[in-house]
Every structure is written in structure tokens, then in C-alpha cells.
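Biologist: I would like to go through the side-chain features of this model, beginning with the rings. Please give the general idea each time and then the case here.

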Amino acid sequence: MTAQEERDFVTGAFQKLKERSWFPGKTFEPSAITEQEIAAFEQAHQVKLPSLYKTFLTSFLLPADECGQICAICDNGGDLSPLWQMIDSPRTMEDVSDRMEILQEIREFCELPEDCFQNLIPIGDWGAGWGPLCIDLSRPEEKVDRDDPSTWSLVWFDHEEFEWDETYLGDDGLLHGRAALPDLKTFLEEYFYGSLEARSAQEEGIEPTYAWYQATLER
């Protein structure tokens with residue numbers, strides 16, 4: 001996508017999230033993060049963030065008092081089912097750095113190699129509590145194969161797994177989590193645009209409305 005296409009896509013994602021009744025009575029405030037601040041972050045951490053993620057960071061903010069919790073229909077190996085997420089909505093790039101520091105604490109606890117987290121940018125929590133959701137920078141989005149989960153750039157780490165060296169540490173010395181979704185675009189399509197809801201309604205006979213998602217918390 002071009003820069004304008006990315007901007008239109010992210011803006012449309014927030015608009016669609018609102019149309020789907022998420023965060024009722026709330027407004028999405030514009031982000032104050034600048035491209036200059038992102039560039040400084042990249043230089044400080046020696047990383048290159050995906051273009052679409054930078055567009056997301058500089059677009060809008062989710063309501064601060066809602067913890068960024070969103071549910072949507074997710075494709076779990078061909079099985080459509082609801083899955084809650086906690087999505088980070090950083091107010092500053094320092095917020096992103098703080099999330100990275102939490103990963104470093106895990107590194108120290110598990111006695112992992114010092115640079116094994118350098119490919120990971122935390123962006124939320126998979127399953128709204130299962131474990132950190134990250135962008136794996138070592139898996140470029142332009143090389144993602146939707147039919148090959150080993151190439152997917154969105155990964156998650158089970159917080160109940162303590163043998164990270166045996167479970168997630170690759171031969172390249174980097175940590176690679178469980179495959180979550182192909183890329184950030186797919187994440188926004190499913191969780192902001194609700195791209196699988198129509199198919200779910202047709203196949204399952206249930207209209208996955210905002211109220212229906214909230215009711216899943218009581219099951």
C-alpha cells in the first residue's frame with residue numbers, strides 16, 4: 001500500500017470499529033506521536049518498524065479507560081470463533097519502550113541471550129490475557145505467506161510457558177512466538193473491520209453484534 005492508502009485503511013479501521021458499536025459514547029482522539037519521535041525510537045532501539053504500524057501509531061487513540069479490549073471472530077484453523085484481544089494504544093513512544101522493558105524482565109527471569117528480544121515489538125495481549133502479542137521484525141510483512149504460519153509476522157508468547165529457551169528460541173538466537181495472524185493488516189481487518197463476521201453469521205447463524213461479544217464474557 002502507498003502511504004495514503006495506509007492512512008485511509010487505518011482511518012477506515014477506526015471508523016468501522018465505531019460503526020460496530022465498540023467503545024460506545026467514547027471518541028477516538030488523534031494521536032500526538034510524530035514521525036520524528038518514531039524515527040528517534042527506531043534509532044534508539046536499532047529497529048525498523050513496519051510502515052503500517054507507524055501509520056497506526058500516528059492515527060488515533062483507543063479510550064484510555066477501556067484497556068483496549070476488543071473481541072472479533074477469528075479463524076482458528078478454519079474454525080470460526082470469538083477471541084478477545086487487548087490492543088496497546090500508545091500515547092508516546094516511551095509507552096512502547098516500557099512494554100519492551102517488560103519483555104526484558106522475562107529475558108532475565110528465563111536467563112535468555114541478551115539480544116534475543118531485539119526482533120519483537122509488543123502491541124497487545126493475545127487472548128486478552130494469554131500472553132504478549134508482538135510484531136516479529138525478523139519476518140518481513142512483504143514475505144508473509146498466509147498459507148505458511150512460520151512466516152507470519154504477528155506472534156504471541158504464552159505467559160504460562162516458562163521454558164522460553166526450549167519453546168521459542170530459534171537457531172538464529174532470536175525468540176519466535178506462536179503464530180497469531182499473518183500481519184498487522186489482517187489483525188486490523190478482523191478486529192477493527194470485523195471482516196469475518198458476515199461469514200460467521202452465514203455459517204453459524206448468529207449475528208456477532210457488540211452485545212453478543214459482551215455476552216461471551218459471561219459464558
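**Rings, charges and cysteines**

Modeller: The search gives 17 aromatic pairs. The model is predicted. Phe 14 and Phe 60 make one of these pairs, with 5.4 Å between centres and 55° between planes.

Biologist: How is the geometry of Phe 14 and Phe 60 classed?

Modeller: Planes under 30 degrees apart count as stacked and over 60 as edge-to-face, with the rest tilted. At 55°, the Phe 14 and Phe 60 pair is tilted.

Biologist: Where in the chain do Phe 14 and Phe 60 lie?

Modeller: Phe 14 belongs to helix α1 (residues 3-19), while Phe 60 is in the loop between α3 (51-57) and β1 (69-76). The two are 46 residues apart, and the pair links distant parts of the chain. Phe 14 is buried at 2% relative accessible area, whereas Phe 60 is partly exposed at 25%.

Biologist: What class does the pair of Trp 22 and Trp 84 fall into?

Modeller: This pair is edge-to-face: the planes of Trp 22 and Trp 84 are 85° apart and the centres 5.7 Å apart. Trp 22 lies in the loop between α1 and α2 (35-45) and Trp 84 in strand β2 (residues 79-87), so the pair ties together parts 62 residues apart in sequence.

Biologist: Are Trp 22 and Trp 84 buried or exposed?

Modeller: Buried means under 20% relative accessible area. Trp 22 is buried at 2%, and Trp 84 also counts as buried, at 12%.

Biologist: Which residues form an aromatic cluster?

Modeller: One cluster is made of Phe 14, Phe 23, Phe 28, Phe 56, Phe 60 and Phe 192. Phe 28 also has a charge over its ring: the charged end of Lys 18 sits 5.4 Å from the ring centre.

Biologist: Which residue lies over the face of Trp 156?

Modeller: Arg 178 does, at 5.5 Å from the ring centre.

Biologist: Now the cysteines. How many disulfides does the search find?

Modeller: A disulfide is a covalent bond between the sulfur atoms of two cysteines. Searching the whole structure gives 0 disulfides. For Cys 71, the nearest cysteine sulfur is that of Cys 74, 9.4 Å away. The cut-off is 2.5 Å, so Cys 71 is in no disulfide. Cys 134 is in no disulfide either, and the nearest cysteine sulfur, from Cys 116, is 12 Å away.

Biologist: Are Cys 71 and Cys 134 buried or exposed?

Modeller: Cys 71 counts as buried at 0% relative accessibility. Cys 134 is buried as well, with a relative accessible area of 0%.

Key
Residues numbered from 1 in each chain as written. Predicted model: local features only at pLDDT ≥ 70, side-chain atom pairs only at ≥ 80, totals over all residues. Heavy atoms only, no water. Buried < 20%, exposed > 50% of the residue type's maximum accessible area, 1.4 Å probe, protein only. Phe/Tyr/Trp six-rings, centres within 6.5 Å; stacked < 30°, edge-to-face > 60°. Helix = DSSP H or I, 4+ residues; strand = E, 2+ residues; numbered from the N terminus. Lys NZ or Arg CZ within 6 Å of the ring centre and 35° of its normal.
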